[in-house]
Structure formats: structure tokens, C-alpha cells
Amino acid sequence: MDRWIGRVEQVLMFLAAACMFVMMVLTTFDMLSRKFFHVSIPSLFEFTEDYLMVGLVFLSLSYVYKIGGHIRIDLLEKYIPELGLRVWTIIHKIMAIVLFLLIAVEGWDAAVEAHEFNTLSSSLLAYPMAPALMMVPIGSGMLALRIALSLFVAQPEQPDAADLFFE
């Protein structure tokens, strides 16, 4: 199961990185075209907001959890007994699974509804919103799976994301 989730996470991270790259290229091109040709790319801000940022955030959720990259507050953990900390960690993970499963279910409903009614963006380009909305349940569902896996399978010590970045 861990291998399967890892492979899916690699694909999703590639797509998230592609969103970041496309966002960078389009924004740079738009800035240069405004500076030198006094022409802007129509609806670039809306497309970036509706598609690229959603893809970047939601498609990378599970992988970032896997490497320990999400924000974590551990200020008081050293004062909590080990048994209490284990219990709190299990409760916390169960609450996170429930939350992200709810986001996945509601996101799925929104994406299906947008597909059924052919919902279009309000921008000048009027592109379909269903693919962008589908990224929410995919990312949230993968995160819920990764957290559930961490409940039942002993995970190796998570590396610090900053250490991975600077290796």
C-alpha cells in the first residue's frame, strides 16, 4: 500500500511542480509583455488562481505530509508524558483523517456538479471549472490515505523538510 501511495504521490508532485513552473513562466511572460509591449495576457490572474494555485497546494498535500513538511507546533510536547503524547497523536491523526475525508467528499460533490452543469469561470476566457475542482478531492483523499497509513504502519522517522531541500 505504501508503495502504491508513494507512486501516486510522485505523479501528483510532478503535476504540482508543473503547475509551479507554468505559473512562473506565464507570470514572467505577462510581466515582460506588459513592460515592453503594453499588453497583458487576458485572465492570467484568474487562471493562476483557479487552476495553478489549486493544483500546487492540493496535489502536493500528501507528499509534504510524508516528508514532515507541514507546519507543526511542538512547543509543549516535551512536557507531555510519552503515553499521553501517543494518545494525542492518534486522536489528532483520526481528526485529520475525518477532516480531509469531509473535504474530499464535499470537493467531489462540487466537482461533479460543476461537470454536470458545465460550470465555467467568470473570467474572459470562460474555461471549465470541473478539472480545477477535481484537484481538491484528489489531494485531500490522498492526504487522508497517507495519514491513515501512518496510523497502522510504523513510519520511519520523518526527515525535516529543510534537510531534504538543502541536501
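**Close-up views of a predicted model**

**View 1. F47 and Y51 in helix 2.** F47 and Y51 are four residues apart in helix 2 (residues 44–58), so about one helical turn separates them. Helices are DSSP runs of H or I with at least four residues, numbered from the N terminus. An α-helix has 3.6 residues a turn, so residues three or four places apart point the same way. The model is predicted: local features need pLDDT of at least 70, side-chain atom pairs count only at pLDDT 80 or more, and totals for chains, interfaces and linings use all residues. Residues are numbered from 1 along each chain as its sequence is written, and side-chain values use heavy atoms, with hydrogens and water left out.

View 2. The structure holds three aromatic pairs. In one of them, the ring centres of F47 and Y51 are 5.3 Å apart and the planes meet at 20 degrees, so this pair is stacked. Rings of Phe, Tyr and Trp (its six-membered ring) pair if their centres lie within 6.5 Å; planes under 30 degrees apart count as stacked, over 60 as edge-to-face and the rest as tilted. F47 is partly exposed, at 26% relative accessible area. Y51 is buried, at 13% relative accessibility. Buried means under 20% relative accessible area, exposed over 50%, and partly exposed in between (1.4 Å probe, protein chains only). F47 also pairs with Y127: the centres are 5.6 Å apart and the planes at 90 degrees, so the pair is edge-to-face. F47 lies in helix 2 and Y127 in the loop between helix 4 (82–116) and helix 5 (130–152), so the pair ties together parts that are 80 residues apart in sequence. Y127 is buried, with a relative accessible area of 9%. Ring pairs join F47, Y51 and Y127 into a cluster.

**View 3. Helix 2 and its packing.** Helix 2 has 15 residues. From first C-alpha to last it reaches 20 Å, close to the 21 Å expected at 1.5 Å a residue. The expected span is 1.5 Å times one less than the number of residues. Helix 2 bends by about 30 degrees at L52. The bend is the angle between axes fitted to the seven residues ending there and the seven starting there. L44, T48, D50, Y51, L52, V54 and G55 are buried in helix 2. The buried residues of helix 2 pack against helix 1 and helix 5. Contact means heavy atoms within 4.5 Å.

**View 4. D30 in helix 1.** D30 sits in helix 1 (residues 2–37). D30 counts as buried, at 8% relative accessibility. Its side chain reaches the backbone nitrogen of I41 at 2.8 Å. Beyond neighbours within four places in sequence, D30 contacts V39, S40, I41 and L44.

**View 5. S62 in helix 3.** S62 belongs to helix 3 (residues 61–66). With 2% relative accessibility, S62 counts as buried. S62 and L143 are 81 residues apart in sequence, yet 4.3 Å apart in space, C-alpha to C-alpha. Residues up to four places away in sequence aside, S62 touches E9, M142, L143 and R146.

View 6. Helix 4 has 35 residues and spans 50 Å from its first C-alpha to its last, close to the 51 Å expected at 1.5 Å a residue. Its buried residues are K93, A96, I97, F100, A104, G107, A111 and A114. They pack against helix 3 and helix 5. N118 follows helix 4 and has a positive phi, near 50 degrees.

Conventions:
Helices (H or I, at least four residues) and strands (E, at least two) are DSSP runs, numbered from the N terminus. A polar contact is a pair of N or O atoms within 3.5 Å; within protein, one must be able to donate a hydrogen and the other to accept it, and residues adjacent in sequence count only if both atoms are side-chain atoms.
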